[in-house]
Amino acid sequence: MRKIKNQIMLAALALTLMPVGLQATQQPNIILFLVDDCSTHELGCYGNTMVSTPNIDALAEGGIKFKTAWATPLCVSSRAAIMSGQYGFRNGALGNSYIETKTYDAMPREKMTLFRAMKESGYETFHGGKWHLPTSPADSDWGVDEYFLYGSLIGGDGLKQEWIKEYSGPWWYWWNANQFSPTHKELHSPSATWHPMVIENGRLRSTGPDDFGPEMLGDAALDFAQRSKNTEKPFFIYYSAHLTHFPWTEMKAPGNHEVTKTEPGMVSSVQYLDTAVGRLVNELKAMGEYENTVIFFMADNPTYGIGKGAASEIGAHIPFIVAGGSKWVKWHGETGSLTDCVDLYPTLLELAGHRALPSQVLDGQSLVPLLEGDRAHSREWIFSYVLGFHRMIRNRDYSLDAQGQLWRCNPSGNPFTFKKVETDNEASRNARMELESRLEHLPIPDEDRLKKAPNVYKQYVEAMAGQLTWRQKQADELYQTGVQHLLNRPGRLKYEIK
C-alpha cells in the first residue's frame, strides 16, 4: 500500500513539474473571433429585428451573452489592450491617431503578448485577417506560428514593394472610401473582400476577381484547426475579421442563388458575418472539436456612425459572447457582469494554464470563475478611453462619460436607454465620488508628448479647458438621434438578392 501511495505522489509531482504545454489534454482550443466595428444593435440576440443573424443568436443562446462589455471606441487601442492585458497608458496605444510609439512598438519584444503566452502554453497559434498592431505577425517576437493577413485595411508593417506594385487602384482611407470598391472600378485596389490582397506566411498569395477574402479567411482558419487536431496539440486562433468595417462593399451571397454578390451595405456585411460564424461552429462540430473549444466572440468597437469614436459609453459598449465546450463554459444565459477588453488576456491565460509574468502588470481580471458558474462574479468597474484623455468609467449602476456627465444605467446594458442624472441625490453623489476617485489612479498622457501630435493636442487643450471636443459632441448627437433612427439611415442600405 505504501508503495502505491509513493507512486501516486511521484506521478502527481511529475505532473506539477511538467511544462504547461505538455498538459494539452487539460487545455481547450481557443478561438478569439474579433469583429471590426460592430455594435450590439446590429445583432438579433441583442434586439435587432431588422437583420437575421441566426448563427450568432445560436452562439449566444448556447453560451453566455454579456449585456455590459466594453472595449475602447477605436481599433488600435482595443487590439493592443487585448494582446497585452493592459490599458493604453501602459501599452502605448491610446487611439488610432495617438500612439506613444516607443512603448507601443516595443510591445512584441518587451511584453508577453497573448500569442506568445499561448505558444509557451503548448498551443499552435494562428492569426487570420486584419492586424492593426505593431510590426507584423511575421515578427517572431509575437509568437504567431502561421498567419493569413489582409494586406489592406491596415494590414501590418513589412509589405514588400513588389507586392504593393501589384495594385494600381487606390488604397483604402476614410477620405476615399467611395472610390474604393474592387467590383466597381477598373483599377485593382488591395481589397479584403473581392480579389483580396492576402499575405500568407510571408508570401503574397495569388488571387482572382472571384476570390472572396472573408471566405478564404474561414478556409485558412479551419484548415489550421484541422492540422492542429492532427498533431494532437491545442490551437489558439485569432480570427480577426475585417467585417463589418466600412466601406460596406458587396458580399458573397449565401445559398444557391444564381447571383454571387449582394447589394453593398452594412446589412449584407452583418449577414455574411453571421454566415462566417455559422460555418466556423458547424465545421468545428463536424471535426469533433466544438466540445474541446471555447469561442470568444466580440467587437473591437461599435459600428461606424452608431458609436465608433464617441467619447461615452455609446462608443465603448460592444457585443461579447462566450460559448463552447461544457467543460469550460458551464452554464448558458445572459449576464449583467461587467467586463472590458483587458479581461481577455488573463481569462485566456488561465484557461491555457499559463502563469502571468510577475513583471507584467495586468489591468484585466479573469472571467473563468464566471464561466465555471459563479454568476455573481463581476468587476467592480470598467474603463475606456479615446486618445487617453477622453475617459469613461462605470460601475454596475452609474456611468461617467468623458464630459463628466453622470448616467443612471439599467439592466438592459443598452446605453441609448440610460438616463442622464440631472439632479443629484446621495446615491448619485456617492457614485460620482467613487468613479472620479478611480480615475485618479488611471493616468492621462504626458502633455509634452501630446504636443508632438498637434491635432490631438488641440483636442486635449479643449477638453482640459472644459470645452466640448468633436468626439464629445458626437456622443451627444448619437444619443439624441436614437439608435433606431441610426439603424434606418439610407446610407446603410438593405440586403437584397436580385
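Student: Why is E146 called partly exposed?

Tutor: Buried means under 20% relative accessible area, exposed over 50%, and partly exposed in between, with a 1.4 Å probe and protein chains only. E146 has a relative accessible area of 21%, so E146 is partly exposed. The model is a predicted one, in which local features need pLDDT of at least 70 and side-chain atom pairs count only at pLDDT 80 or more, while totals for chains, interfaces and linings use all residues. Residues are numbered from 1 along each chain as its sequence is written, and side-chain values use heavy atoms, with hydrogens and water left out.

Student: What makes the contact of R227 with E146 a salt bridge?

Tutor: A salt bridge is a side-chain nitrogen of Lys or Arg within 4 Å of a carboxyl oxygen of Asp or Glu. For R227 and E146 the closest N and O atoms are 2.7 Å apart, and the pair forms a salt bridge. R227 lies in helix α9 (residues 213–230) and E146 in strand β4, so the pair ties together parts that are 81 residues apart in sequence. Helices (H or I, at least four residues) and strands (E, at least two) are DSSP runs, numbered from the N terminus. R227 has a relative accessible area of 34% and is therefore partly exposed.

Student: How many salt bridges does this rule give, and which residues are joined into one network?

Tutor: The count comes to 23. Salt bridges with shared partners join D36, R79, K130 and D300 into one network.

Student: Why is K65 called buried, and what is its salt-bridge partner?

Tutor: K65 has 8% relative accessibility and so counts as buried. Its partner is E334, with the closest N and O atoms 2.7 Å apart. K65 lies in strand β2 (residues 64–70) and E334 in strand β11 (residues 333–340), so the pair ties together parts 269 residues apart in sequence. At 48%, E334 counts as partly exposed.

Student: Which strands stand at the edges of the open sheet, and why?

Tutor: The sheet has five strands in the order β12-β13-β14-β15-β16, with antiparallel pairing. β12 (382–386) and β16 (419–420) each have a single partner strand, so one side of each is left without a neighbour in the sheet.

Student: How do you know that β15 and β16 pair?

Tutor: Two strands pair if DSSP finds at least two bridges between them. Two bridges join β15 (residues 406–408) to β16. W407 stands opposite K420 in β16.

Student: What does the lining of the second largest pocket consist of?

Tutor: On a 1 Å grid over the protein atoms alone, a pocket is an open set of points where a 1.4 Å probe fits, with protein on both sides within 12 Å along at least five of seven lines; lining residues have an atom within 4 Å of a point. The lining has 18 residues, and F389, D401, A402, Q403 and G404 lie nearest the centre of the pocket. These residues divide into eight nonpolar, six polar and four charged. Ala, Val, Leu, Ile, Met, Phe, Trp, Tyr, Cys and Pro count as nonpolar, Asp, Glu, Lys and Arg as charged, and the others, Gly among them, as polar.
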